[in-house]
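Biologist: Please show me how to read a structural model, one feature at a time.

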Amino acid sequence: MDIAPAKTTVTTTAGGERLLTMDRFVPHVSTVPANLGRTVGLHLREKVLASVADGAARSKPRVVLFLHGGYSPATVAYDLGYRDYSWMVQLARAGFDVFALTQTGYGASPKPTMDDPCNVDAAFQDQLIPKVLKARCAPRYPHKLISSRTEWDEIETAMDYIMGLRQVAKISLVGWSTGAPRAGGIAALHPDKVDRMVLLAPSPFFPADVPPDPMPEPGAPVILQSRDMLMIRRWESDVRAEGQVEHAEVREVMWRELMLEDGLGAEWGPDGVGVMRAPNRMNYGWRANCARVRTPTLVMLGEFDNYDRRRDSWTALASPHKVFVRLRASHFAHYERGRHTVHQIAEQWLRTGTANGATTGEFAADWEGKITLLRH
């Protein structure tokens, strides 16, 4: 399979520099049971200044790989084409070579078994009646689709490809939500490949630290997220400060991009609204992997975001080089007023391994980027 860029787009920054966006499909021999042994293409987006790309062979750039969470593909999670909301653009303009991987079941990456509405988990099938289904039906592939192990395998393939492309020995990882245990698992498995980590709103610990038995676990391969579930129950319910969401229309932009990335989901849901598909996952190992992570790690967490449960991963990280920053934000901090603070603190960490000049400690940050010490 060809691994050359499938598409390259060139834009110009406010400073007059050329910014390259390259979309590739990286070959990967799948370990997802529904695709076992098949070579598939994993969608990998890169953003980099042309000057950085041109000089990469002479002076190796700092390379960062973004890993998405449980519902949103990486392109929407980190490269939203609206105002200054693209985290990838902000890092690329700062001189980083930035990549974002979309994993099996999301966006432009493979979605095995996911086009059959009968393969939607029974708990979500009512959303498809009567438009897509006349009545509930049993799954034709009666298993959950992906696991922590299959996702680590995909991340490892992407990392090896990126390290070969840019001739670097290590890259840094950024993970939002379930992207945190994805990144943390790789840091535990391959500490020699990971330079630094940034974990935003890390997932609470999974119930299990070992794979299910049998594997794959019985069930259905697809779950759904409605617009109301995302925008109202998961987001609006945690908007608790005036001005927290700076541009209300960002939600419409996000949902429109999610529907474009999903494709079929836009047709399955209510007309003009759609529904978002995601793979039913077999997650495990997050607690155990935290105890093995020695990588320098920055954790940022919104105070309105299931704070105590998500903070557990920070406490459990074994790394002696770790910083925690409490944000005035929900789970969607990088889409809110404090996004510039998220970008700023993450950039400093990825560049220097410090936040507010510190390599350890707990801090609080406001929307304007002011950081105060909570405890050493």
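Biologist: Which residues do ring pairs link into a cluster?

Modeller: Two quantities describe a pair of aromatic rings: the distance of the centres and the angle of the planes. Rings of Phe, Tyr and Trp (its six-membered ring) count as a pair if their centres lie within 6.5 Å; planes under 30 degrees apart are called stacked, over 60 edge-to-face, and the rest tilted. In this structure, ring pairs join Trp-176, Trp-235, Phe-332 and Tyr-335 into a cluster. Please note that the model is predicted, so local features need pLDDT of at least 70 and side-chain atom pairs count only at pLDDT 80 or more, while totals for chains, interfaces and linings use all residues. Residues are numbered from 1 along each chain as its sequence is written, and side-chain values use heavy atoms, with hydrogens and water left out.

Biologist: How many aromatic pairs does a search of the whole structure find?

Modeller: The search finds 12 aromatic pairs. In one of them, the rings of Tyr-307 and Phe-324 have centres 6.1 Å apart and planes at 80°, so this pair is edge-to-face. Tyr-307 belongs to helix 10 (residues 307-316) and Phe-324 to strand 13, so the pair ties together parts that are 17 residues apart in sequence. Helices (H or I, at least four residues) and strands (E, at least two) are DSSP runs, numbered from the N terminus.

Biologist: Are Tyr-307 and Phe-324 buried or exposed?

Modeller: Both Tyr-307 and Phe-324 are buried. A residue is buried under 20% relative accessible area, exposed over 50%, and partly exposed in between (1.4 Å probe, protein chains only). For Phe-324 the relative accessibility is 0%.

Biologist: What is the arrangement of the rings of Trp-314 and Phe-324?

Modeller: Their centres are 5.6 Å apart and their planes stand at 45°, so the pair is tilted. Trp-314 lies in helix 10 and Phe-324 in strand 13, so parts 10 residues apart in sequence are tied together. Trp-314 is buried too, with a relative accessible area of 6%.

Biologist: Over which ring does the charged end of Arg-328 sit?

Modeller: A charge sits over a ring if NZ of Lys or CZ of Arg is within 6 Å of the ring centre and within 35 degrees of the ring normal. The charged end of Arg-328 sits over the ring of Trp-367, 5.9 Å from its centre. Arg-339 lies over the face of Tyr-85, at 4.0 Å from the ring centre.

Biologist: In what order do the strands form the sheet?

Modeller: Strands of a sheet pair through backbone hydrogen bonds, in a parallel or an antiparallel sense. By the rule used here, two strands pair if DSSP finds at least two bridges between them. In this model 11 strands form an open sheet in the order 1-2-3-5-4-7-8-12-13-14-15, with mixed pairing. Strand 1 (7-12) and strand 15 (371-375) stand at the edges, each with a single partner strand, so one side of each has no neighbour in the sheet. From one strand to the next, the twist averages 20°. Strand 13 (residues 322-327) and strand 14 (residues 361-365) pair in the parallel sense over five bridges, and Val-323 has Gly-361 in strand 14 as its bridge partner.

Biologist: Which strands does helix 4 touch as it packs on the sheet?

Modeller: Contact means heavy atoms within 4.5 Å. Axes are lines fitted to C-alpha atoms, for helices over the stretch in contact, and angles run from 0 to 180 degrees between N-to-C directions. Helix 4 touches strand 2 (18-29), strand 3 (39-49), strand 4, strand 5, strand 7 and strand 8, and its direction makes about 130° with that of strand 2. Helix 5 also packs on the sheet, touching strand 4, strand 7 and strand 8, at about 160° to the direction of strand 8.

Biologist: Why is helix 5 described as largely enclosed by the rest of the structure?

Modeller: The description holds because 10 of the 11 residues of helix 5 are buried. These include Gly-179, Pro-181 and Ile-186.

Biologist: With which side chain does the side chain of Lys-193 make a polar contact?

Modeller: A polar contact is a pair of N or O atoms within 3.5 Å; within protein, one must be able to donate a hydrogen and the other to accept it, and residues adjacent in sequence count only if both atoms are side-chain atoms. The side chain of Lys-193 makes such a contact with that of Asp-160, at 2.8 Å. Lys-193 lies in the loop between helix 5 (179-189) and strand 8 (194-200), and at 14% relative accessibility Lys-193 counts as buried.
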